[in-house]
Amino acid sequence: MSVRRDYAGYRLRMGTRYSSRLRLEPIGPQRADDLWLLHQDDGIAYWYGGRWTHQAAAETAAMMERGWRVDGVHKWIAYRRTTGELVGRGGLSYGDVAGVRRLELGWAVRGPFRGQGYATEIGRAGLRFAFHELNAEDVVAFTERHHHRSRAVMERLGMRPIGELRRPGLVDGRDGVHDDAPFVLYRAARTSHRVRGTSP
Ligand SMILES: CC(C)(COP(=O)(O)OP(=O)(O)OC[C@H]1O[C@@H](n2cnc3c(N)ncnc32)[C@H](O)[C@@H]1OP(=O)(O)O)[C@@H](O)C(=O)NCCC(=O)NCCS
């Protein structure tokens, strides 16, 4: 593939996407303030190590932009198409999962927007991107074993549990972050997945 076509592909991947109700923007430094706002939400702060500072949000946004530039993929921030309201974040990124570099899917939705299928919509957009554009063989997602709402998103997306991981996180019935918290690992394989509904 020529450099020119590569660049065109990169611009396309970096561009705005739309799912049925959401506008999905690649996260970079220009989204740092919205990323900060998202991480002031109590429910998000609970699972992501507390409320982020502006500095943490700026550093994470810069790291995510590097992911887009280097890997051609990282997380999106999501806005309601009709009102422009900030709904959440999510999508794909490469990460170390039990010592293996894998394409990982995630989501976080602000309190007022939970219970309406937005996380599932973000997840579906991520699977479509992975299988239709990146030609990925599979995608994984993981969460603390007792995080039933996040596991429910994985199951709505048709992902299947394939094992457990131990990593820093929350443990049911205990306070604080523990180094060896139990996480459940889910997987979606391209061969067994049909994904509908997101346009680049
Ligand atoms: C995990 C999290 C994203 C799940 O959010 P959620 O709102 O439960 O998930 P969805 O957006 O897929 O919505 C599903 C709910 O909307 C309902 N729904 C309504 N319209 C829907 C639609 N079009 N499609 C799918 N579900 C729909 C479903 O029936 C379900 O209802 P229920 O909660 O009564 O079972 C949310 O709890 C969150 O942001 N938590 C904090 C951050 C976090 O923990 N992230 C994950 C870290 S691993």
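Which residues are exposed on the other side of α6? In this predicted model, where local features need pLDDT of at least 70, side-chain atom pairs count only at pLDDT 80 or more, and totals for chains, interfaces and linings use all residues, the exposed residues there are H148, R149 and R156. Residues are numbered from 1 along each chain as its sequence is written, and side-chain values use heavy atoms, with hydrogens and water left out.

Helix α6 spans residues 148-156, and its buried residues are S150, R151, V153 and M154. Buried denotes a relative accessible area under 20%, exposed one over 50%, and partly exposed a value in between (1.4 Å probe, protein chains only). Helices (H or I, at least four residues) and strands (E, at least two) are DSSP runs, numbered from the N terminus. Viewed down the axis of α6, the buried residues fall within an arc of 150° and therefore line one face of the helix; the arc is that of the directions from the helix axis to the C-beta atoms. The cover over these buried residues includes β5 (100-109), α5 (118-133), β6 (138-144) and β8 (177-189), where contact means heavy atoms within 4.5 Å. After α6 comes G158, with a positive phi near 85°.

In soluble globular proteins, nonpolar side chains tend to be buried together. A nonpolar core is here a set of buried Ala, Val, Leu, Ile, Met, Phe, Trp, Tyr and Cys residues joined through side-chain atoms within 4.5 Å. The largest such core comprises 31 residues, and L92, L105, W107, V139 and M159 have the most contacts inside it. At least two residues of this core are supplied by each of β2 (22-26), β3 (75-80), β4 (86-97), β5, α5, β6, α6 and β8. Helix α5 provides the largest share, eight residues. Another core, of 13 residues, lies apart from it and includes A57, A61, M64 and L86. When residues up to four places away in sequence are not counted, L92 touches V73, H74, K75, L103, E104, L105, G126, F129, A130, L134 and V139.

The ligand is surrounded by 22 residues, of which V109, G115, A119, T120 and H147 are the closest; a residue is taken as near a molecule if one of its heavy atoms lies within 4 Å of it. Polar contacts are pairs of N or O atoms within 3.5 Å; within protein, one atom must be able to donate a hydrogen and the other to accept it, and residues adjacent in sequence count only if both atoms are side-chain atoms. A nitrogen atom of the ligand lies 2.8 Å from a backbone N or O atom of W107. A polar backbone atom of G115 is 2.6 Å from an oxygen atom of the ligand, and an N or O atom in the side chain of T120 is 2.5 Å from a ligand oxygen atom.

Helix α5 also contains R124, which counts as partly exposed because its relative accessibility is 28%.

A98, in the loop between β4 and β5, has phi near 50° and is exposed, with a relative accessible area of 63%. N135, in the loop between α5 and β6, has phi near 60°.

An unreviewed UniProt entry lists residues 22-190 as "domain: N-acetyltransferase". This span is 33% helix and 38% strand, and its end C-alpha atoms lie 24 Å apart.

How values were computed. UniProt positions are given in the numbering used here, feature names are shortened, and annotations may be inferred rather than shown by experiment.
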